[in-house]
Amino acid sequence: MALELVVITKIVPDGSEVFIDPVNLTLNRSLATNVINPADENALELALQVKARYGGRITVLSMTPPFAIPYLEECVGRGADRAILLSDKAVAGSDTYPTSLAIAAAIKHIGKVDIVFAGEKTSDSSTGHVGPGVAEFLDAELASYVSSVEYDDGYVIATREFEEGTEVVRIPTPAVVTVLTNSNNPRKASLRRKIDAIRQGVIVWDLKEVGLPPDAVGLRNSPTIVKRMIPFPRRDRKGEKITTDNIAKLVDVFEQNKLIKGGE
Amino acid sequence: MAELVKATPPEDVSQWKDVMVYCETFQNKLTKAAQEMIGRGRVMADKTKTKLIGVVIGSDISDTAKEAGYYGCDRVIAFQSSAFDMYKSRPFTDNLTAAVKEAKPNILIVPGTHNGRDLAARTAIRVQSGLTADCMEIDVEEDTGILIARRPDYGDSTMSEIRCEKHRPQMATSRPGTFEVPPRDDKRKFKVDLREVKVKKGQIKEEILSFKPRSGEDISIAKVVVAGGLGMGKPEGLKLLEELANELGGVVGVSRPIADLGWISRSHQVGQTGITVRPNLYIAAGISGKPQHMVGMANSKLIVSINTDPDAEMNKNADYVIVDDLYNVIPALIEEIRKRKGAENVEVAPKKKKKA
Ligand SMILES: Cc1cc2nc3c(=O)[nH]c(=O)nc-3n(C[C@H](O)[C@H](O)[C@H](O)COP(=O)(O)OP(=O)(O)OC[C@H]3O[C@@H](n4cnc5c(N)ncnc54)[C@H](O)[C@@H]3O)c2cc1C
Ligand SMILES: Cc1cc2nc3c(=O)[nH]c(=O)nc-3n(C[C@H](O)[C@H](O)[C@H](O)COP(=O)(O)OP(=O)(O)OC[C@H]3O[C@@H](n4cnc5c(N)ncnc54)[C@H](O)[C@@H]3O)c2cc1C
């Protein structure tokens with residue numbers, strides 16, 4: 001019985017070329033180039049490894065405007081079996097509640113799914129809410145902040161990292177795992193597969209297709225709102241100048257603050 | 001389980017009054033992140049003249065629940081079961097959700113640790129409310145009880161203020177290190193409501209097979225962080241920083257590009273997409289001071305900036321500024337520190353002589 005695997009991904013602006021539109025308080029994407037969200041590359045890689053060991057089918061799912069299509073083709077080029085773009089004007093401005101809702105509805109529409117792979121968080125708004133939110137809407141078990149997984153006859157065995165240490169947790173499927181950034185080395189698409197992916201194309205769904213009314217999502221159906229932007233807080237620090245020749249003065253400060261203990 | 005429906009706000013938000021804080025535990029002890037959030041919750045409860053309700057979940061927590069009171073809760077709801085010896089996503093969500101539905105808090109804050117964020121994100125869906133992640137500031141409007149949550153955004157000099165005006169509870173997480181730990185007062189008066197939770201066999205589907213405590217440095221709790229950025233120019237710069245960090249009993253931190261370059265593991269990255277630190281001393285060497293870096297260290301007690309550019313943004317946010325090449329400054333600094341240590345210890349053990 002082949003595993004049904006889904007990887008969710010958001011296409012995010014690349015690194016430092018990001019701007020916020022001061023009028024609409026939304027991300028101005030037109031000025032930045034985009035990339036597959038870094039943690040999602042690790043999520044896809046993990047899904048590919050699971051598929052290689054246990055068999056199955058990988059669907060990549062993204063709720064984004066159509067500009068994302070080439071990135072989804074890249075995912076198929078890396079080894080996913082197909083890509084679905086959930087694209088609908090009504091979702092614009094959704095916070096993480098309706099985002100999780102719409103993604104969960106699309107996953108339900110795919111049918112019986114065994115494991116959903118998400119990134120731990122995005123590199124732009126980086127809330128990390130969407131993986132757990134999708135688990136909640138699917139009534140699935142969840143293992144978050146995961147570095148590796150194994151599959152064993154209806155169970156996912158996941159290695160989770162948190163502040164105090166690392167645990168191995170076993171949960172039954174259907175399961176959602178959120179994958180840590182840099183937890184593996186994502187493969188690149190081969191040219192041949194990439195060409196096949198472009199030929200194969202991307203499946204496009206709208207909200208109606210996944211059975212959600214437009215008034216379930218979007219800015220107006222989001223509990224949170226970005227109210228305004230305010231200047232970054234600066235603490236008053238005196239910025240006293242010290243020169244290298246006079247470094248003893250800084251070490252005096254360290255001593256006054258008990259930062260230097262006697263030689264051990 | 002949540003139905004596939006949109007978030008519907010309560011009809012009468014005025015019934016939602018108090019401030020609730022999830023008091024995260026590890027091995028039945030309050031985490032430092034929990035203590036910090038209790039402190040923040042206390043401030044908001046005082047401002048709105050309401051109660052601070054702590055929620056503790058664990059396997060042996062009668063003392064832990066009291067600790068939550070000593071740090072500032074007025075009332076502690078404690079859910080106890082032998083099954084709650086470690087964090088488990090679904091049952092913890094079930095219990096926190098139950099506490100929310102019963103106590104109807106106006107605000108719910110949760111430590112922004114991995115487990116806390118897992119819990120908060122699920123609970124927000126269950127209770128159909130809004131959650132603001134990774135807040136640098138959490139405050140409340142005294143007259144309206146509206147939560148003001150501020151988090152970094154992608155701009156170069158701004159952060160976003162996010163509100164959740166219609167839904168309750170208004171939820172937020174903040175990373176460990178964002179707020180100060182409040183004073184512990186074992187004379188404080190509070191009520192503990194300890195509940196034994198009956199867990200049926202097979203009801204909990206998550207099974208923890210093994211746990212390994214973290215090894216290696218945790219920069220989020222380090223007292224001294226010596227951090228380097230692109231100004232280091234080459235990976236060898238990290239060796240120098242490490243030498244200084246060793247002298248100060250501290251750890252090495254880096255800006256994101258350094259982790260991107262793979263010179264050191266991501267667990268050393270300070271900032272918005274890295275770790276938040278609040279050390280007694282933060283030395284920033286060759287770091288320009290972009291907001292995405294600053295959010296991870298702006299609350300450090302003492303900040304020293306070493307930068308060749310007199311106008312670097314970091315200098316404006318530092319207590320002490322040295323405008324010079326870090327490859328001149330840091331060796332001089334190491335030498336001076338060793339000299340002092342040596343001087344203190346002459347009689348005991350004449351330390352290895354400083355090198356030039
Ligand atoms: C400045 C700013 C601040 C914001 N702060 C908040 C906030 O505090 N709380 C809040 O509820 N909303 C917030 N939002 C809205 C939030 O950015 C969107 O809902 C966003 O699309 C999803 O959140 P995320 O990027 O944080 O995803 P995360 O939850 O960090 O992502 C986790 C996983 O879900 C996947 N994923 C996320 N979105 C999609 C998608 N559309 N399609 C497929 N996979 C996806 C990611 O790729 C990743 O694998 C904010 C928006 C802005 C502009
Ligand atoms: C969404 C998003 C999230 C981000 N998250 C993070 C994050 O978590 N952490 C983070 O750090 N960044 C993050 N960034 C990146 C951030 O915007 C900056 O690009 C980054 O912090 C710059 O790193 P830097 O200061 O090392 O490099 P630069 O900005 O290049 O600064 C180098 C500095 O070194 C000085 N210098 C050069 N030579 C010397 C010398 N010999 N001696 C002394 N000084 C010297 C220069 O004058 C300059 O000030 C993020 C960006 C985005 C868009």
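How exposed is Lys10(A), in relative accessible area? Lys10(A) is partly exposed, at 26%. Here, buried means under 20% relative accessible area, exposed means over 50%, and partly exposed falls in between (1.4 Å probe, protein chains only). The legends below start from this residue.

This is a predicted model, in which local features need pLDDT of at least 70, side-chain atom pairs count only at pLDDT 80 or more, and totals for chains, interfaces and linings use all residues. Residues are numbered from 1 along each chain as its sequence is written, chains are lettered from A and ligands numbered from 1 in the order in which they are written, and side-chain values use heavy atoms, with hydrogens and water left out.

**View 1. Lys10(A) and Asp124(A) form a salt bridge.** A salt bridge is a side-chain nitrogen of Lys or Arg within 4 Å of a carboxyl oxygen of Asp or Glu. Side chains of opposite charge can pair when their charged atoms come close. In this pair, the N to O distance is 3.2 Å. Lys10(A) sits in the loop between strand S1 (3-8) and strand S2 (11-13) of chain A, and Asp124(A) in the loop between strand S8 (115-119) and helix H4 (130-138) of chain A, so the bridge ties together parts that are 114 residues apart in sequence. Helices (H or I, at least four residues) and strands (E, at least two) are DSSP runs, numbered from the N terminus. Asp124(A) is buried, with a relative accessible area of 4%.

**View 2. Ligand 1 sits in a site shared between chains.** Residues from chains A and B surround ligand 1, so both chains build the site. There are 33 residues around ligand 1, and Lys10(A), Asp40(A), Thr96(A), Gly119(A) and Ser125(A) come nearest. A residue counts as near if one of its heavy atoms lies within 4 Å. Side-chain polar atoms reach the ligand from both chains. Ser125(A) places a side-chain N or O atom 2.6 Å from an oxygen atom of ligand 1. For Thr122(A), a polar side-chain atom is 2.8 Å from a ligand 1 oxygen atom. For Arg151(B), such an atom is 2.8 Å from a nitrogen atom of ligand 1. The protein covers 93% of the 940 Å² of accessible area that ligand 1 has on its own. Accessible areas come from the Shrake-Rupley method with a 1.4 Å probe; for residues, only the protein chains shown count as cover. The shell has 10 nonpolar, 16 polar and seven charged residues. Ala, Val, Leu, Ile, Met, Phe, Trp, Tyr, Cys and Pro count as nonpolar, Asp, Glu, Lys and Arg as charged, and the others, Gly among them, as polar.

**View 3. Ligand 2 lies between chains A and B.** Its shell holds 28 residues, of which Ser255(B), Val270(B), Thr273(B), Ser288(B) and Asn307(B) come nearest. The side chain of Ser255(B) has an N or O atom 2.6 Å from an oxygen atom of ligand 2. Backbone atoms take part too. An N or O atom in the backbone of Val270(B) is 2.8 Å from a nitrogen atom of ligand 2. For Gly274(B), a backbone N or O atom is 3.3 Å from a ligand 2 oxygen atom. Taken alone, ligand 2 exposes 990 Å², and the protein buries 84% of that. Helix H6 (256-260) and helix H7 (291-294) of chain B each give at least two residues to this shell. By class, the shell has six nonpolar, 17 polar and five charged residues.

**View 4. Arg340(B) and Glu255(A) bridge two chains.** Their closest N and O atoms are 2.9 Å apart. Arg340(B) is buried at 15% relative accessibility. Glu255(A) is partly exposed, at 30%.

**View 5. Thr224(A) touches both chains.** This residue lies in the loop between helix H6 (207-210) and strand S14 (225-231) of chain A. Thr224(A) is buried, at 11% relative accessibility. Its side chain makes a polar contact of 2.8 Å with that of Asp95(A). A polar contact is a pair of N or O atoms within 3.5 Å; within protein, one must be able to donate a hydrogen and the other to accept it, and residues adjacent in sequence count only if both atoms are side-chain atoms. Leaving aside neighbours within four places in sequence, the residues in contact (heavy atoms within 4.5 Å) with Thr224(A) include Gly130(B), Leu131(B) and Arg163(B).
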